Amino acid sequence: MDIVVFGAGSLGSLVGGLLARDSANDVTLVARRSHVEAVRESGLRIEGELEARVRPAATTDGRELAADLAIVTVKSADTAAAAAALATGSFDAVLSLQNGMGNEETLADALDATVLAGTASYGAIRREPGVVECTGLGEVVVGTRGGESSLADRVGQTFAASGLETTVTDDVSRRLWEKLAVNAGINPVTALADVDNGAVLEDPANAVARGATREAARVARACDVGLSDGEAVATMEAVAADTAGNVSSMRQDVLAGRPTEIDAINGYVVDRAEERGLEAPTNRTLAALLRTWERENDLR
Ligand code: KPL
């Protein structure tokens, strides 16, 4: 399969690199200049829980590309810009593997291609240009947003054939809310406390993370998604255990002085709660703290 990974930072480089291990795939990474130069010169090195050295193509210019599949892994704040660039090219399917909600709608509004929704729970950190570390094994979930399941099946088979743990689902809303509930618990707590994911398994961080995850599950149910508090908390704790040594993406953003995805994660939970007359005090507090940090650092 011809595959473009748009926004090859940590997760995008890991997923793109793993797909490039299969000679049946032609992978192009769209990434920042320093990463592109390193990949062009010496290839992409995957270290940690999975190891490989692959030679995907790499470019900084995401316009006018053509492929069977574009995988979007940019931060949710950059989805509209990614959609505008992808709209100048041609793709059969576009798969969002991003944190937060609403990314697929933004992509579908701008693109002719079939947009698939997905989640990825692999832990990844870009150690230096050209090098990505897999810090936790996880799973990719691919699903349709209504119809077109044959494309989702084909994408799922391609991922599985490259050795990625993959599930194809026709209940992707539930999986997206479950991932949101996981991120709502782990990401802000690890970013604010400056700790690895595994630290949310211990109090007092555990109580805060559980509170945020439970609130997200309650809001999911108010949005007609069948996700119980118990299931959401169990999944959050399983992901924290599986990625115990991982630096969450929000903590990576804070450490690098970049804007975080707080609006698309805890902010999204608070907004949907408000619309339905619910309270989400833990998510509200976590969002307020991260937004304060962003303001103090001139990031909003
Ligand atoms: O999705 C993640 C993230 O860091 O954004 C988890 C699953 C928490 C892994 O770190």
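This is a predicted model: local features need pLDDT of at least 70, side-chain atom pairs count only at pLDDT 80 or more; totals for chains, interfaces and linings use all residues.
## Helix α3 and its buried face

Let's begin with helix α3, which spans residues 79-86. Which of its residues are buried? They are Thr79, Ala82, Ala83, Ala85 and Leu86. If you look down the axis of α3, these buried residues fall within an arc of 165 degrees, so they line one face of the helix.

## Helix α6 meets helix α8

Next comes helix α6, residues 172-193, which packs against helix α8, residues 229-242. Two packed helices are described by the angle between their axes and the distance between the axes. For this pair, the angle is about 60 degrees and the axes lie 9 Å apart. That angle makes α6 oblique to α8, and the crossing is right-handed.

You can find the contact by looking for Arg174, Glu178, Ala181, Val182 and Ile186 on the α6 side. Across from them, α8 contributes Glu231, Ala232, Thr235, Met236, Val239 and Ala240. Sorted by class, the residues of this contact are 7 nonpolar, 1 polar and 3 charged.

## Helix α6 meets helix α9

Helix α6 also packs against α9, residues 249-256. Here the angle is about 30 degrees, and the axes are 7 Å apart. Angles under 35 degrees count as roughly parallel, and α6 and α9 are therefore roughly parallel to each other. Their crossing is right-handed.

Which residues of α6 meet α9? They are Asn187, Pro188, Thr190 and Ala191, and their partners in α9 are Ser249, Met250, Arg251 and Val254.

## A closer look at α9

Now stay with α9 for a moment. Its buried residues are Met250, Arg251, Gln252, Asp253 and Val254. What covers the buried residues of α9? The cover includes helices α1 (10-20), α6 and α11 (281-296), as well as strand β9 (123-128).

Finally, follow the chain just past the end of α9 and you reach Gly257, which takes a positive phi of about 70 degrees.

Note on methods:
Residues are numbered from 1 along each chain as its sequence is written. Side-chain values use heavy atoms; hydrogens and water are left out. Buried means under 20% relative accessible area, exposed over 50%, partly exposed in between (1.4 Å probe, protein chains only). Helices (H or I, at least four residues) and strands (E, at least two) are DSSP runs, numbered from the N terminus. The arc is that of the directions from the helix axis to the C-beta atoms. Axes are lines fitted to C-alpha atoms, for helices over the stretch in contact, and angles run from 0 to 180 degrees between N-to-C directions. Angles under 35 degrees count as roughly parallel, over 145 as roughly antiparallel, 65 to 115 as roughly perpendicular and the rest as oblique. A crossing is left-handed if the near helix is turned anticlockwise from the far one by less than a right angle, and right-handed if clockwise. Contact means heavy atoms within 4.5 Å. Ala, Val, Leu, Ile, Met, Phe, Trp, Tyr, Cys and Pro count as nonpolar, Asp, Glu, Lys and Arg as charged, and the others, Gly among them, as polar.
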